[in-house]
Amino acid sequence: MFDTIAPDYDRLNAWVSFRMDRLWRRKAVRQMPQEGWIADWCAGTGDMAREYLKRRTNRGRVVMCDFSTEMKRLSGERLGNVDRSRCYYVCCDVTQSPFKDGVFSGQMQGFAVRNLENRPAFFQELKRCGQANGRGALVDLSVPANRLWRWMCNFYFGKIAPRIVAIIARRGVFAYRYLSESVEHHASPASIVKEMTDNGLKGAKYAPLAGGIGVIFSWSERRSEETESTDRG
Ligand SMILES: C[S@@+](CC[C@H](N)C(=O)[O-])C[C@H]1O[C@@H](n2cnc3c(N)ncnc32)[C@H](O)[C@@H]1O
């Protein structure tokens, strides 16, 4: 499915979200360390990686991971003029990655938590591959808690966005229908934070974006160590 939508994916995202997707990615990327190895899980065409590499103060290296070979192929064009010597692409399933334990100082993801078939296995990978003092941020769409706002968003994503997609997309309109429906059936942010904590990610929390249409999940092993040592006095 992701191979099918790859050619139109970035353009459509920008149209359907009024470019808010870019702002939200930026917010998640700002939480990444400036040094070390950074994972971009479910990287697609590399939007998160590009955002990280564009920031002059960042000196880390980014490993993009995704199982769609078509997304990987297109990332070559879409990454633009970022420093290519600091980015790599690995085609793999993010729930069974080939990386060594504790390699990443930062881990990020854009718009994929809800698409993962085995989310607990992914959170276990985040725990296994993250450094002892590492941190991470995952941004995704969500369902607003406010009933009126939720109704308006459901109307937009259910009725208007599919028409925009039908006009612009060359292929895979069905896939976009699946993606917008997957938001409605998405687990609540609080239950996802609980899953993160249950799978060992320390200091997991979430912050709603634009009244809850989006959400950033984050964790920081270091912050929770500091909190624990402060608690111990
Ligand atoms: C909605 S796109 C997000 C792309 C990009 N991160 C962004 O910010 O726009 C979701 C991506 O997740 C990838 N994906 C979904 N499940 C995966 C898995 N289990 N392993 C690897 N990639 C996966 C898909 O191939 C697709 O490229």
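A residue counts as near a molecule or strand if its C-beta atom, placed from the backbone, lies within 6 Å of it. With that in hand, let's start at the ligand: 19 residues surround it, and the closest are Phe 2, Cys 42, Gly 44, Ser 68 and Gly 110. Sorted by class, that shell holds 10 nonpolar, 5 polar and 4 charged residues. Here Ala, Val, Leu, Ile, Met, Phe, Trp, Tyr, Cys and Pro count as nonpolar, Asp, Glu, Lys and Arg as charged, and the others, Gly among them, as polar.

A word on what you're looking at. This is a predicted model, where local features need pLDDT of at least 70, side-chain atom pairs count only at pLDDT 80 or more, and totals for chains, interfaces and linings use all residues. Residues are numbered from 1 along each chain as its sequence is written.

The pLDDT (the predictor's confidence in each residue, from 0 to 100) averages 87 over the chain, and 87% of the residues score at least 70. Residues 228–233 fall below 50, and beyond near neighbours in sequence this stretch has 0 contacts in the model; two residues are in contact if their C-beta atoms, placed from the backbone, lie within 7 Å. Where pLDDT is low, the predicted coordinates should not be read in detail.

Overall, the chain has 9 helices and 7 strands. These are DSSP runs numbered from the N terminus: helices are H or I with at least four residues, strands are E with at least two. Of the 233 residues, 37% are buried, meaning 20 or more other C-beta atoms lie within 10 Å of a residue's own C-beta, all placed from the backbone.

Helix α5 shows some of that burial: Phe 122, Phe 123, Glu 125, Leu 126, Lys 127 and Cys 129 are buried there. Among the elements covering them are these:

| Element | Residues |
|---|---|
| β1 | 37–41 |
| β4 | 104–110 |
| β5 | 130–141 |
| α8 | 189–198 |

Strand β5 is also the place of Val 139. Why is Val 139 buried? Because it has 28 other C-beta atoms within 10 Å. Leaving out residues up to four places away in sequence, Val 139 touches Trp 24, Arg 25, Ala 28, Gly 110, Phe 111, Gly 214 and Ile 216. Val 139 and Phe 111 are 28 residues apart in sequence, yet 5.8 Å apart from C-alpha to C-alpha.

Lastly, strands β6 (residues 205–209) and β7 (residues 214–220) run antiparallel, joined by 5 bridges; strands pair if DSSP finds at least two bridges between them. Leu 209 stands opposite Gly 214 in β7. The hairpin has 4 residues between its strands, and Ala 210 takes a positive phi near 50 degrees.

Notes: A residue is buried if 20 or more other C-beta atoms lie within 10 Å of its own, exposed if 12 or fewer, and partly exposed in between; C-beta atoms are placed from the backbone.
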